[in-house]
Structure formats: C-alpha cells, structure tokens
Amino acid sequence: MVDINGFPIGLMMGMAQKADAVEAYSRLTEAEKERVLNECRDAKSKAEMDSIIDRLCGRWI
C-alpha cells in the first residue's frame with residue numbers, strides 16, 4: 001500500500017468515509033497506533049483494509 005506522510009492511503013480513505021475511525025484512532029496509544037499503521041501497510045486488499053477500519057471504529061483490540 002502507498003503511504004502519504006507516514007499514513008497508508010487506504011487508512012486515510014477509510015477514515016475519510018468513517019468519521020468515528022478518526023476519533024477512535026486519536027484515542028489509541030502510540031504503540032497501538034503503530035500497530036494499526038503496520039497492519040494497514042501489510043493489507044493486501046480493500047477487504048482487509050475495510051476490516052481494519054471496522055475494528056478500529058468499534059471493535060479494536
């Protein structure tokens with residue numbers, strides 16, 4: 001996946017579509033944020049990225 005300023009583009013697009021994802025991400029610790037970013041960078045499909053965003057919105061960790 002492509003990164004823009006350290007953020008995977010799929011994560012940015014997902015956050016743009018789900019405002020609660022931005023709020024959820026902002027509440028994570030730095031270690032949790034890094035884990036999310038790494039998982040997003042490893043995502044191989046839109047479905048995988050959507051799953052990460054969905055977990056972030058209400059079912060993360």
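Buried means under 20% relative accessible area, exposed over 50%, and partly exposed in between, with a 1.4 Å probe and protein chains only. This is a predicted model, in which local features need pLDDT of at least 70 and side-chain atom pairs count only at pLDDT 80 or more, while totals for chains, interfaces and linings use all residues. Residues are numbered from 1 along each chain as its sequence is written, and side-chain values use heavy atoms, leaving out hydrogens and water.

**Exercise 1. Work out how many disulfides the structure holds, and why Cys40 is in none.**

Step 1. Take the criterion: a disulfide is a pair of cysteine sulfur atoms within 2.5 Å.

Step 2. Searching the whole structure with it gives zero disulfides.

Step 3. Now look at Cys40: the closest cysteine sulfur belongs to Cys57 and lies 11 Å away, too far for a bond.

**Exercise 2. Decide whether Cys40 and Cys57 are buried, partly exposed or exposed.**

Step 1. Cys40 has 0% relative accessibility, so Cys40 is buried.

Step 2. Cys57 has a relative accessible area of 23%, which makes Cys57 partly exposed.

**Exercise 3. Describe the fold order of the protein chain.**

Step 1. Count the elements, using DSSP runs numbered from the N terminus (helices: H or I, at least four residues; strands: E, at least two). The protein chain has four helices and two strands.

Step 2. Follow the sequence, and the pattern reads β-β-α-α-α-α.
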